[in-house]
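This briefing looks at a few residues and helices, moving from a single side chain to the sides of a helix. Please keep the sequence and the structure in view while reading.

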Amino acid sequence: GKRMDINATRKIVADILDGSINDVTFSAPDKYFQLSFPTTLPGVDSNVLDPTLAWKDLSAYQATAQKLAALYKVNFLKFETDDFMKNVATFGPGGHALIYRPPTGISLDFFEHPCCKRNMSYHNCRRDIVTRKEGFICDENEAIVVDTGKFTGRCPKDRY
């Protein structure tokens, strides 16, 4: 595959952030991942919004989507003993549809899980990273260095 056009990506993110995405129509949840997506978005080619239209070969998309959905299901089996993650796993492949709701309907319960932190001060973030040995302070400017793994960014071929 190849990356989505950066200008389309920026336009989609801008529409999410300014709330204008709430004014468009969304698709019914797809059969593989239970996700809905905008059917049109002003300034964005609708072919990039619908994953089935972004592939030249529909049967190749369907086979790949089915395989990826199965991999998600297998991966979430690791979290059967964690009540929070077990709840997360009920959405997506083989579960309930994850339907977009405007911001007034979004629950921030996800962020209340002990594993999730948001809006941390630099001091608390640094303390947690160093305490949990997730990274280190590399210089006198107190820059934090973390190893985010082999593949980071928008696709596995991304480089720093």
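Predicted model: local features only at pLDDT ≥ 70, side-chain atom pairs only at ≥ 80, totals over all residues.

Leaving aside residues up to four places away in sequence, aspartate 15 touches Ser20, Ile21, Leu41 and Pro42.

**Helix H1**

- Aspartate 15 lies in helix H1, and this residue counts as buried because its relative accessible area is 4%, under the 20% that defines burial.
- Leucine 17 is also found in helix H1, which spans residues 6-18, but leucine 17 counts as exposed because its relative accessibility is 71%, over the 50% cut-off for that class.
- Together with Val13 and Ile16, Leu17 forms a nonpolar patch on the surface, and the three have about 300 Å² of accessible area together.

**Helix H4**

- Helix H4 is made up of 19 residues (58-76), and from its first C-alpha to its last it reaches 27 Å, close to the 27 Å expected at 1.5 Å a residue.
- The residues Tyr61, Ala65 and Ala69 are buried in H4. They lie on the same side of H4, because the arc they cover around the axis is only 65°.
- Helix H3 (51-54) is included in what covers the buried residues of H4.
- On the face of H4 that is turned away from its buried side, the exposed residues Gln66, Lys67 and Val74 are found.

Technical notes:
Residues numbered from 1 in each chain as written. Heavy atoms only, no water. Patch = residues over 30% accessible without salt bridge, like charges linked within 9 Å, V, L, I, M, F, W, Y side chains within 5 Å. Areas by Shrake-Rupley, 256 points an atom, 1.4 Å probe, with all protein chains shown as cover. Salt bridge = Lys/Arg side-chain N within 4 Å of Asp/Glu carboxyl O. Helix = DSSP H or I, 4+ residues; strand = E, 2+ residues; numbered from the N terminus. Buried < 20%, exposed > 50% of the residue type's maximum accessible area, 1.4 Å probe, protein only. Expected span 1.5 Å × (residues − 1). Arc of directions from axis to C-beta. Contact = heavy atoms within 4.5 Å.
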